[in-house]
Amino acid sequence: MADLHHKPTPITMDTFLRGIWKENPVFVMLLGLCPALAVTNTTMNAIGMGLATLFVLVCSSALVSLLRSVIPKQVRIASYIVIIATFVTIVDYAIHAISLELYNALGAFIQLIVANCVILGRAESYASKNRVTKSVVNAFGIGIGFTFALLCLGTVREVLGSGTILGYSLFGESFQPWVVMVLPPGGFFVIGAWLLLFSWLKERKQRKILKQEETARATG
Amino acid sequence: MNNRTPIIELRGAPHLRKAPSVDQIMRNVVYALLPICGFAVYQFGLSALALILATTLACICTEHLFCRLSDKPTTIGDFSAVITGLLLALTLPPGFPLWMAVVAGFVAIALTKVMFGGIGFNVFNPALVGRAFVQAAFPVAITTWTPAFAPGRFTEFIPSTLTLPFVVPKSVAGWVERIAVDGYTGATPLALQKFGDGNLEHVTTQNADLFFGMTAGSAGETSALLILVCGAYLAVRRMMDWHIPAAMLLGAFVTSGGFYLVDAGAYPTPLFTLLSGGLMLGALFMASDMVASPTTPRGVWIYGILIGFLTVIIRLFGGLPEGVMYAILFGNAASPLIGAFTQPRVYGTGRKKATKP
């Protein structure tokens, strides 16, 4: 533990941005898929879930990072869970008080934020090894990345599944809803399509680099 | 020099004939499907033709697009996408909106075939997955049936065919009322049998009508005779494993026969089960998909009988009148397991455990 404090690496823009794109919890690390598939049938649910997770993620990262030299190694997971559960309870009550409609739509998945691997993973692999500000910045990036991923799923599913966005009708009365998109299989189809798109973009980039190298070698 | 043609043609070894290539087999399956498509067009008119063209084009374009995207040579030349498109069209209702048919074709190729690595790697029958997707996405449109042999079917479309993309299809009720002469209800023989038509419970259609295809139904599933003939062509040319359809029909026949013997009033006759709905088309052209079915001799029988059994169970006790699609998809899912359990004994190895010396 002690040797980690020797030379703290500075906080860069990458600490924050990493979580949004390069280490996106849903699209790259494939963590937290349960809420990502379960509650993204409308955009509103996706935003609510994303922000709730963001709040728990940032707060628990801060607290875990603060207490990282106090928590005994043997019981660290239990301690993290207690910390996370505390913030989840706060979020649970807050959403209940702010919007009963959203609370009912998200159902048990608010309480299940406790078991979200993204949060526990951050606590274990980042917050327990880094300074408070850095952990918070990183957790904030991951939380934004998670919300972004949920939004990607939620918008597609809501637009195709009910022809609306945030409850506003997009195509009028005559729109034919794709029933399957608001059902659980729709979540799998949409996340599969997004993963396909992202990995295709990545592969295309690599292919371009390869081609450039080849032509450079051929001409040079 | 003598110019006489030799009577005996002498050739050196090898005397084996070249096994047909994938392209050849696929082309022959297309030939076998064309008469069925022709009958569908004769029976349902312009709409069926448009439907067949739409799904086939959608399948070919999807395959070409994905080959382009992954920088691979295009594989549309092997005719397998054409088969998927034709089969898909034959399983859809004739008045199915074209934009939904295109969605089905896209899902069939993209989700089932290309994602798993193209021809030879599909876990499920692509056409059926495409149909299952639109069944889940558009449950109303896919159960809207229109009468066969409608007057003027070669000059006008069924109103729901030309629906604009993303728009709810127009109701065909008014159109059906206008063209139908004898109080036609628009239900398929299976639906009539299962749900009745209000006055009579469990109406059974004449077996002869089912056999020759004089009924309503999906575009290409109506004529059992034609499907059997076209399937026989493939079986004779050894381009299809005839055990699978035989086992599937046997499984369905025996299962429904058992139920019929128990209570003849409540359950349809086994012959009706065989001839109605998509069972024939499914047995001969879909369950026998070379990739998604088992390859072991015993496994083939288990696979076919399982599908036949499940079809009857879904038809009799499920919420839908037709069960062939889900039964075949289930069989596809089970086929690796069936294959693993029915590995033949390797020649030379003993049946019994080798005794220790």
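This is a predicted model: local features need pLDDT of at least 70, side-chain atom pairs count only at pLDDT 80 or more; totals for chains, interfaces and linings use all residues.
Residues are numbered from 1 along each chain as its sequence is written, and chains are lettered from A and ligands numbered from 1 in the order in which they are written.

**View 1. Chain A in outline.** Chain A has nine helices and two strands; helices (H or I, at least four residues) and strands (E, at least two) are DSSP runs, numbered from the N terminus. Along the sequence their pattern is α-α-α-α-α-α-α-β-β-α-α. Taken along the principal axes, the C-alpha atoms of chain A fill a box of roughly 65 × 65 × 25 Å. Of the 220 residues in chain A, 36% are buried. A residue is buried if 20 or more other C-beta atoms lie within 10 Å of its own, exposed if 12 or fewer, and partly exposed in between, with C-beta atoms placed from the backbone. Among contacts in chain A between residues at least 6 apart in sequence, 77% join residues at least 24 apart; two residues are in contact if their C-beta atoms, placed from the backbone, lie within 7 Å.

**View 2. Helices α3 and α6 of chain A.** Helix α3 (residues 43–66) and helix α6 (residues 117–127) of chain A have axes that come within 10 Å and cross at roughly 30 degrees. Axes are lines fitted to C-alpha atoms, for helices over the stretch in contact, and angles run from 0 to 180 degrees between N-to-C directions. α3(A) and α6(A) are therefore roughly parallel to each other. Angles under 35 degrees count as roughly parallel, over 145 as roughly antiparallel, 65 to 115 as roughly perpendicular and the rest as oblique. The crossing of α3(A) and α6(A) is right-handed; a crossing is left-handed if the near helix is turned anticlockwise from the far one by less than a right angle, and right-handed if clockwise. On α3(A), the residues in contact are A:V56, A:L57, A:S60, A:S61, A:V64 and A:S65, and on α6(A) they are A:V118, A:I119, A:R122, A:A123 and A:A127. By class, this contact has seven nonpolar, three polar and one charged residues. Ala, Val, Leu, Ile, Met, Phe, Trp, Tyr, Cys and Pro count as nonpolar, Asp, Glu, Lys and Arg as charged, and the others, Gly among them, as polar.

**View 3. Helices α6 and α7 of chain A.** The axes of α6(A) and helix α7 (residues 132–162) of chain A come within 11 Å and cross at roughly 155 degrees. The two helices, α6(A) and α7(A), are therefore roughly antiparallel to each other, and their crossing is right-handed. A:V118, A:R122, A:Y126 and A:A127 of α6(A) meet A:S135, A:N138, A:A139, A:I142 and A:F146 of α7(A). This contact has six nonpolar, two polar and one charged residues.

**View 4. The contact between chains A and B.** Ten residues from chain B and ten residues from chain A take part. On the side of chain B, helix α5 (residues 126–137) gives the largest share, three residues. That side has nine nonpolar, no polar and one charged residues. The model scores ipTM 0.83 and pTM 0.86.

**View 5. Helices α5 and α14 of chain B.** The axes of α5(B) and helix α14 (residues 324–341) of chain B come within 10 Å and cross at roughly 130 degrees. α5(B) and α14(B) are therefore oblique to each other, and the crossing is left-handed. B:L128, B:R131 and B:A132 of α5(B) meet B:M325, B:I328 and B:L329 of α14(B).

**View 6. B:I307 and its surroundings.** B:I307 is in helix α13 (residues 297–317) of chain B. B:I307 counts as buried because 34 C-beta neighbours lie inside 10 Å. Not counting residues up to four places away in sequence, B:I307 touches B:M248, B:G251, B:A287, B:A327, B:I328 and B:G331.

**View 7. Two loop residues of chain B.** B:F79, in the loop between α2 (46–69) and α3 (80–91), is not a glycine but has a positive phi of about 70 degrees. B:F79 counts as buried, with 22 C-beta neighbours inside 10 Å. B:R238, in the loop between α9 (224–236) and α10 (243–262), is likewise not a glycine and has a positive phi of about 60 degrees. B:R238 counts as exposed, with 11 C-beta neighbours inside 10 Å.
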